[in-house]
Amino acid sequence: MIKFRFGAQGDLTAPVDDRLTVGDQRVVDFLAKVARKLLAPAVARRHPELGSLGYFLRPAELHRAIARMQRDDAITFPRGNVFHVPPANVDTIFVYSWALSALAGNHNVVRISERSATAADTILEALNEVLTDADPVIGRTQRMITYGRDDAITAALSRWCDLRVIWGGDTAVEAIRKHPLRPSARDLTFPDRTSWAALSADGWRAASPAARRDAVVGFSNDAYWFDQAACSSPRTIFLVGTDTGDVRAEFVELLLEVVDQRGWAVDAAMAVEKRVNAYGMAATGAISAMSFPANAVTEMSLTAVPDAPRRWIGAGAFPFAEVGSLLDLVPAMNRQDQTFSHFGFTPSQLREFALALGGRGVDRIVPFGQALTFGSIWDGYDLPHEFTRLTTIA
Amino acid sequence: MSVFTLPQAAKEAALVSQLSALTEHHRLACEPYARILAAAGFEKAETVADLPWLPVRLFKNLELKSIPDDEVFKVLTSSGTTGEVSKIYLDKHAAAEQTRRLGATVQTVLGPKRLPMLLVDTKAMLKDRRSFSARGAGVLGMSTFGRDHVWALDNDGQVDLDAIRGFLEKHGAQPFLIFGFTYLVWLHLYEVARDNGLDLSNGILIHSGGWKKLIDQAVSPSEFRERLAGVGLTNVHNYYGMVEQIGTVFLEGPSGGSLYCPDFADVVVRDPQTWRELPPGEPGLLEVLSTLPTSYPGHVLLTEDLGVVHGIDDGDWPGKRFSVLGRLPRAEARGCSDTYREAA
């Protein structure tokens, strides 16, 4: 059973006469109105993560994305039909993925999870409110639906689309990939990722108390916003320098303070989950020490950098490891690694690190507080480019 | 002879030294366990509540044993809700000891002689490999304390009224044992006895398996007892136990409403925020302690069940009396990698 959440009801795969262009004004107008709704103070209070989304959809940002789609050496066109399968519980991803694709002029079908949370409902409400006054082409070309386990629907949409966008990790990618695409179509996949944080001990020591505090506030947003389970949520913290014990102690102390002030508590089930994971890592020797100064903060000492866990180990679980320099981390990084958030490094240290990685891992190197900020370059893909096709004239 | 004899102070004095010795034994014999104690910075316990506990789920993720491979006599498994399986390793001594202690515990209410036994279950269940480990092991374990076994359900899981009637005709005039899972007893014995006027007044019921299915039908533990008394079944003992502490069961006392700890076992209820022991009356996470796990480090376990201690040294038997209140839900994160659960 298909439940239509947005756009015109009816056969999703029937040919449509409407045509949108790259940067279509009707789409820009629509998205700009959605942005205004999401940036309304009442919405931002209830769902702070929608503020970032609203910001991303402002006209200035939209025009920046459109500019990225234009080229000197070719004419850009919409890719065609795009089928999006966003993750169930990171409520905002489906909008980023869809909005960029709509901006590129594509006809989109977005499968929204049955388990989507209240922020997703708020977004859909805003989209539908704006839709009533919008150009009807929007509703005819942009559809968002929910359906349960139904291979037939997934198969039909897979045959229909020119590009299939699969979020949600390795298992989702493998499950959806069982359904063949047309020969000319392809997948854009977002598999399981791991994200890290690094703290320069020298940079920390040189920073003012206010700057240290700001860094911890930014880090705690990155870590706690999605229960430390988003692809970009930092997990292990690398302390870069020598004798970094003082830095770690102060960092944890500030973190406990900030978490307490924000009221970020974890429930008993999460507390047990974290114990299970920490004890498990202790049993295998991956960590040599663990402490539980508060339920919301679990602190662990990694035995060695390669033991840093790549799976989710609970909300507010922080393994620490000390390394002499960022370059020491290079051998431990791989293709699975996405976001590397940092504090206290110089631009040249970060650039040297990125060059040493040589594209073998880490797609984003961002300051503390920006780990979750979506960008049109994501997971190493230039999304505006992925959502368009090129025609050359010679 | 009862195994419910020790007042709390005497029990704790005995347990703290026995369980501390077991902690040292496992520390030496089980390397992963030693690593956990080292990482947690554990040194010494002054009280029972100080003893270092392991989350019970660790036995699903890790191989934890304190015996060499060639001394493994039996590996017990439990099926978990997500398909994960606990593995519990017993050597000959531990296997014999758990049977002996389980026997001593149930004999407290059954007496020393083996009684005719009515099993409120189906024989077919023993053949179902999927459900065998949890339900089958319970039935098999308990069936050794009875004789002349009769199954109350046929191979299709339907009530076998003729079999029950036959059993009662033969054995109903003297004490007999009834064993089954709580919701099966409710569905297939209580209702059948009520509707058919069966006389169960000489029965001693031992039942287990959680209250969730009954609470879904709005049947509370006290109502369960009252309604069973209505069909003459007044000798009713619920118990709480788990494969990770095999041989140890916490048994409901004769007057009902509370589970009691045998002399070789105890419970601690912990506040899931501060992790400190909670006083009687305050519900929290249930920790179970037992001296039986000698072949694997399962002597102090934090369960994922919620419980409350009702009182100490103030009930049918000495020591703590408590109830299990339900299960802690499994933590779920909002994450990127979660489309797959419904991906098709």
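The questions and answers below set values computed from a predicted two-chain model against the definitions behind them.

Residues are numbered from 1 along each chain as its sequence is written, with chains lettered from A and ligands numbered from 1 in the order in which they are written. Because the model is predicted, local features need pLDDT of at least 70 and side-chain atom pairs count only at pLDDT 80 or more, while totals for chains, interfaces and linings use all residues.

Q: What makes chain A as compact as a globular protein of its length?
A: Chain A holds 15 helices and 17 strands; these are DSSP runs, H or I over at least four residues for helices and E over at least two for strands, numbered from the N terminus. Its radius of gyration is 22 Å, close to the 21 Å that the globule rule gives for 394 residues, so the chain is as compact as a globular protein of that length. The radius is taken over C-alpha atoms, and the rule is 2.2 Å times the number of residues to the power 0.38. The C-alpha trace spans about 65 × 50 × 40 Å along its principal axes.

Q: How do you know that chain B is as compact as a globular protein of its length?
A: Chain B has nine helices and 14 strands. The globule rule gives 20 Å for its 344 residues and the radius of gyration is 21 Å, which is close, so chain B is as compact as a globular protein of that length. About 60 × 60 × 45 Å is the span of its C-alpha trace along the principal axes.

Q: Why is Ser86(B) called buried?
A: A residue is buried if 20 or more other C-beta atoms lie within 10 Å of its own, exposed if 12 or fewer, and partly exposed in between, with C-beta atoms placed from the backbone. Ser86(B) has 21 C-beta neighbours inside 10 Å, so it counts as buried. Ser86(B) is in strand 3 (residues 85-90) of chain B. Of the 344 residues of chain B, 46% count as buried; of the 394 residues of chain A, 48% do.

Q: Why is Asp379(A) called partly exposed?
A: Asp379(A) counts as partly exposed because it has 17 C-beta neighbours inside 10 Å. It lies in the loop between strand 15 (377-378) and strand 16 (381-382) of chain A, and its phi is positive, about 50 degrees, although it is not a glycine. Most residues other than glycine have a negative phi.

Q: What makes Trp275(B) partly exposed?
A: Trp275(B) has 17 C-beta neighbours inside 10 Å, so it counts as partly exposed. The loop between strand 11 and strand 12 of chain B holds Trp275(B), whose phi is near 70 degrees, a positive value in a residue other than glycine.

Q: What makes helix 13 of chain A largely enclosed?
A: In helix 13 of chain A, 14 of the 17 residues are buried, so the helix is largely enclosed by the rest of the structure. It reaches 24 Å from its first C-alpha to its last, close to the 24 Å expected at 1.5 Å a residue, where the expected span is 1.5 Å times one less than the number of residues.

Q: Which residues of chain A and chain B make up the contact, by number?
A: The contact takes 48 residues from chain A and 30 residues from chain B, two residues being in contact if their C-beta atoms, placed from the backbone, lie within 7 Å. Helix 13 of chain A gives the largest share of the side of chain A that touches chain B, 13 residues.
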